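Please walk me through this structure, one region at a time.

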Amino acid sequence: MKPTLYQPINSEIVDIIDESPTIKTFVVVPEEEFTFDTGQFVELTLPGEGEAPFTPSSSPSLTEKMDITIMKAGRVTGLLHECRKGQKVGIRGPYGNGYPIEDFAGKEVYIVGGGVGLAPIRSLFLTLTERIKDFKKIVCRFGARTPEDIIFKSALFNKWMKLDGVDMKLTVDKANGKWKHNEGVVTTICDKKDVNIKNAIVVICGPPIMMKFATLKMVEFGFEPKDIYLSMEKNMSCGFGKCGHCMIGKYYVCKDGPVFTYEQIKGYPNIWD
Ligand SMILES: Cc1cc2nc3c(=O)[nH]c(=O)nc-3n(C[C@H](O)[C@H](O)[C@H](O)COP(=O)(O)OP(=O)(O)OC[C@H]3O[C@@H](n4cnc5c(N)ncnc54)[C@H](O)[C@@H]3O)c2cc1C
Ligand code: FES
């Protein structure tokens with residue numbers, strides 16, 4: 001096992017982007033080379049305060065720095081939101097399995113995301129679009145609570161929505177006067193005609209309640225549970241299968257996940273808690 005799996009690499013926050021009232025993207029430069037696969041997660045340490053797991057939101061092809069998009073949820077994330085450029089942090093990992101991109105090749109990739117769940121999805125989306133010809137089509141259905149809560153606004157509106165081979169729709173739970181897209185939860189912009197279900201996989205990432213209803217909707221559309229990929233979040237401690245904090249049934253979310261097919265976990269209770 002590489003020492004980085006246990007020991008944080010000294011790193012520095014070199015930029016901070018306000019994404020929404022509760023979400024910021026931190027651009028982090030590690031002192032040593034740090035690589036990951038899209039969908040894997042890292043433990044970010046704020047020295048003297050603690051650490052928390054996050055999935056980098058940048059593409060793995062960007063190796064000299066990494067974006068980590070963080071919602072203010074509690075103690076550590078609250079302290080991170082108070083940090084300024086130049087703050088020293090630690091990064092350990094990467095942990096977990098990530099998305100099986102090679103299995104998606106030749107298929108239509110249907111991505112359903114919401115809230116801060118767009119962080120791992122941004123990394124996935126950038127990875128897919130770097131080799132867009134390998135996929136039949138990329139269909140994105142993204143949601144947020146209000147227009148202000150939409151993250152990555154600039155890339156989303158100015159680049160991603162305009163890309164050839166990408167079909168993207170947006171929705172918010174509660175619109176305001178300027179909003180030109182859909183109003184309603186994310187499943188209201190999902191339609192079984194969006195993709196050819198026989199040659200498609202779906203990736204779902206967002207708050208547990210959204211993951212639950214989006215998954216049930218995909219099953220209703222006719223997706224096989226093996227073709228539904230879910231990024232699961234459970235409270236974690238060690239991050240590499242030693243402490244048992246993150247179990248879903250027989251699986252360690254930190255080691256066997258965080259990406260699971262619905263087929264793998266659908267039989268276990270409380271998967272959406
Ligand atoms: C694999 C993985 C990837 C993640 N990626 C991201 C990411 O890219 N961006 C992001 O903003 N967040 C992400 N999270 C969630 C993030 O780790 C938690 O928000 C963070 O640990 C909260 O730490 P805290 O000290 O601020 O909160 P605490 O003070 O510890 O807790 C505040 C509240 O958040 C809840 N909470 C704590 N940990 C988690 C958790 N892991 N999942 C859900 N709720 C939690 C607590 O139950 C409590 O209600 C990820 C979690 C996992 C497991
Ligand atoms: S976080 Fe320790 S076993 Fe998963």
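His81 sits in helix 1, which spans residues 75–81. The model is predicted. Is His81 buried or exposed? His81 has 8% relative accessibility, so it counts as buried. Its side chain reaches the backbone oxygen of Ile70 at a distance of 2.8 Å. Setting aside residues up to four places away in sequence, His81 touches Thr22, Ile23, Lys24, Phe26, Ile70, Met71 and Lys72.

Helix 1 also leads us to the ligand. Together with strand 4 (50–54) and strand 5 (66–71), helix 1 is among the elements that each supply at least two residues of the shell around ligand 1. There are 19 residues around ligand 1, and Pro53, Thr69, Met71, Thr77 and Asn235 come nearest. Sorted by class, this shell holds eleven nonpolar, five polar and three charged residues.

An N or O atom in the side chain of Asn235 is 2.8 Å from a nitrogen atom of ligand 1. For Glu233, an N or O atom in the side chain is 3.3 Å from a nitrogen atom of the ligand. Taken alone, ligand 1 exposes 850 Å², and the protein buries 71% of that.

The largest nonpolar core has 35 residues. Within this core, Tyr110, Val112, Ile204, Met218, Phe223, Leu230 and Met232 touch the most other members. Several elements give two or more residues to the core, including strand 7 (108–114), strand 11 (200–205), helix 5 (208–221) and strand 12 (228–231). Helix 5 provides the largest share, five residues. Look at Val112 up close. Thr261 belongs to strand 15, residues 259–261. Thr261 counts as buried because its relative accessibility is 13%. Leaving aside neighbours within four places in sequence, Thr261 is in contact with Pro225, Lys226, Ile228 and Tyr229.

Trp272 lies in the segment after helix 7. At 18% relative accessibility, Trp272 also counts as buried, because the limit is under 20%. Trp272 and Lys212 are 60 residues apart in sequence, yet their C-alpha atoms are 6.3 Å apart in space. Beyond its neighbours within four places in sequence, Trp272 is in contact with Pro208, Met211, Lys212, Thr215, Leu230 and Tyr262.

Finally, look at the backbone. Most residues other than glycine have a negative phi, and most peptide bonds are trans. Where are the exceptions here? A cis peptide bond joins Gly93 and Pro94, with omega about 0 degrees. Pro94 is in strand 6, residues 88–95. The peptide bond from Gly257 to Pro258 is cis as well, with omega near 10 degrees. Pro258 is placed in the loop between helix 6 and strand 15.

Phe152 has a positive phi, near 60 degrees. This residue lies in the loop between strand 8 (137–144) and helix 4 (153–158). With 5% relative accessibility, Phe152 counts as buried. Asn270 has a positive phi near 55 degrees, and it lies in the segment after helix 7. Asn270 has 52% relative accessibility, so it counts as exposed.

Definitions and conventions. Residues are numbered from 1 along each chain as its sequence is written. Chains are lettered from A and ligands numbered from 1 in the order in which they are written. This is a predicted model: local features need pLDDT of at least 70, side-chain atom pairs count only at pLDDT 80 or more; totals for chains, interfaces and linings use all residues. Side-chain values use heavy atoms; hydrogens and water are left out. Helices (H or I, at least four residues) and strands (E, at least two) are DSSP runs, numbered from the N terminus. Buried means under 20% relative accessible area, exposed over 50%, partly exposed in between (1.4 Å probe, protein chains only). A polar contact is a pair of N or O atoms within 3.5 Å; within protein, one must be able to donate a hydrogen and the other to accept it, and residues adjacent in sequence count only if both atoms are side-chain atoms. Contact means heavy atoms within 4.5 Å. A residue is near a molecule or strand if one of its heavy atoms lies within 4 Å of it. Accessible areas come from the Shrake-Rupley method with a 1.4 Å probe; for residues, only the protein chains shown count as cover. Ala, Val, Leu, Ile, Met, Phe, Trp, Tyr, Cys and Pro count as nonpolar, Asp, Glu, Lys and Arg as charged, and the others, Gly among them, as polar. A nonpolar core is a set of buried Ala, Val, Leu, Ile, Met, Phe, Trp, Tyr and Cys residues joined through side-chain atoms within 4.5 Å.
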